[in-house]
Amino acid sequence: MNFNFANERPADADTIIFAISKDGLQNFDPALEQANTVKAAAKVARFAGKLGDLFETFVTESGKTLRIVLTGLGKGKAKDAESAGGSAIAKILTSGAKHAVIDPSGLDDEHLAKLLFGAKLRSWRHDKYRTTMPEKQKVTLEDITVLDQDLESAKIWQDLSAVADGVALTRELVAEPANAIYPESFVARCEELKDLGVEFTVLGWDEMEKLGMGALLGVSQGSERPPRLLAMRWDGTNGEQKTPLALVGKGVTFDTGGISLKPGAGMEEMKWDMGGAGAVAGTMKALAGRKAKAHVVGVCGLVENMPDGKAQRPGDVVTSMNGQTIEVINTDAEGRLVLCDAMEWTQETFKPEVLIDLATLTGAMIIALGNEHAGCFSNDDDLAEDLIDAGKDAGDPLWRLPVGPAYDKLINSPIADMKNVGPRGAGSITAAQFLKRFVKDGVKWAHLDIAGMVWADKPSPVWDKGATGYGVRLLNQYVADHFED
């Protein structure tokens, strides 16, 4: 999709989008030959400018047929403009429209930028493998032009556009099949971030073995695909922030469950079990793309969990990088084994004061919260509240759940320091308790279980069915709120 800026409507434009606030139709005065006809038709269709309202009609102007789309802004909040822009693009993406113009009438820079942000988010599709798609399902929209040339260079749009690019990277990584995205190719796909100034460190099997990462390597040992630990560092402070914020993502590029094999039905969805790592990569692209004045490191533990003859077995005991031993009760509870070593390495290497991990960690999270919120677990109340607030502002919602000694004892093992699963109850909490044992004293930590949020079975105003890009907007907002002046 091409996003353009102009002060006059391009001659080849075939669609015009107007954003109308609630009850604002009476003040709607478009620069159209049939303006009154459009207003009258919208009233008959009961378009009232409410958030989610859409109205489409066609008019003839100078012998040319134009598609007119009205999208509701609701009460006019900037956040609502994002949804309004996405809804409008969803309406016309495969409609036959080729060049849409966004009319800025009545919108300030913030609302207009948010409207365009929603449009850019919703325009993303993953159709590369669909070679026999029916014509009516194919994307026809090629260009979106905003009739405000000043917005092109405005910081608010430049920043939002960079965030949308980060979301797009996350969606791509999550949507791609496991024969396309695996540990090595995940790293290769992220190498474009080097052009933005992001520094890379990549560890392979031998380096991780020397470091004693027995938990992460235990998951990987059943796969022909070698593991990788990817660290991406962005310092937009020129060294002023000595201690980076640390983001750690679970990157299980495909999860069969290992020897504790998952049922066959739905297993294809496990290509998105690297959604946490995908969110970290997308966030790093967003921060570097908008030149965030923050020091952030993003670490991705990348493995494939397969049931080979070399795979670890239920009952095996592995030793993590920090020396703690783990009895592997269930090889399908592998994400926490990957994360614990990635978290330990991150803390040893970068000495962060704040560490946030993201993972599609437990099915129990979906049972608890469905597909409406990700779970938030933390050892620090202020950090948890800051993340929840950032999620509300950005549109990536979180809900806090508890951790504590009563749950901690549920993962004690009779033969090792801990086991990797607890009883059936409180499955998401005991997973968080497991990770908490690997957080160093004094480190503020939050664990975000995003299992129900990285993939959607139905579209929203800002994403289609499939990969949502969850986490990028949340983390970007948190960084903007607490690590930038």
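Predicted model: local features only at pLDDT ≥ 70, side-chain atom pairs only at ≥ 80, totals over all residues.
Let me take the helix pair to begin with. Helix α4, residues 155-175, and helix α8, residues 275-289, pack at an angle of about 155°, and their axes lie 7 Å apart. Since angles over 145 degrees count as roughly antiparallel, α4 and α8 are therefore roughly antiparallel to each other. The crossing in which α4 passes α8 is right-handed. If you look at who meets whom, the α4 side of the contact includes Ala162, Gly166, Leu169 and Leu173, while the α8 side includes Gly275, Gly278, Ala279, Gly282 and Lys285. By residue class, the contact of α4 with α8 divides into eight nonpolar, six polar and two charged residues.

Now to the sheet. It is an open sheet of eight strands with mixed pairing, and the order runs β7-β8-β10-β9-β13-β17-β14-β15. At the edges stand β7, residues 199-203, and β15, residues 398-400, each of which pairs on one side only. On average, and ignoring direction, neighbouring strands of this sheet are turned by 20° against each other.

Helix α14, residues 472-482, packs on the sheet, where it touches β9, β10, β13, β15 and β17, and its direction makes about 170° with that of β13.

I would like to stay a moment with strand β10, residues 295-305. Eleven of its eleven residues are buried, so β10 is largely enclosed by the rest of the structure. That holds on both faces, with His295, Val297, Val299, Gly301, Val303 and Asn305 buried on one side, and Val296, Gly298, Cys300, Leu302 and Glu304 buried on the other.

What are the partners of β10 in the sheet? Strand β8, residues 228-235, pairs with β10 in the antiparallel sense over eight bridges, and here Arg228 has Leu302 of β10 as its bridge partner.

Note on methods:
Residues numbered from 1 in each chain as written. Heavy atoms only, no water. Axes fitted to C-alpha atoms, helices over the stretch in contact; angles between N-to-C directions. Helix = DSSP H or I, 4+ residues; strand = E, 2+ residues; numbered from the N terminus. Parallel < 35°, antiparallel > 145°, perpendicular 65-115°, else oblique. Left-handed = near helix turned anticlockwise from the far one by under 90°. Contact = heavy atoms within 4.5 Å. Nonpolar A, V, L, I, M, F, W, Y, C, P; charged D, E, K, R; others polar. Buried < 20%, exposed > 50% of the residue type's maximum accessible area, 1.4 Å probe, protein only. Pairing = 2+ DSSP bridges.
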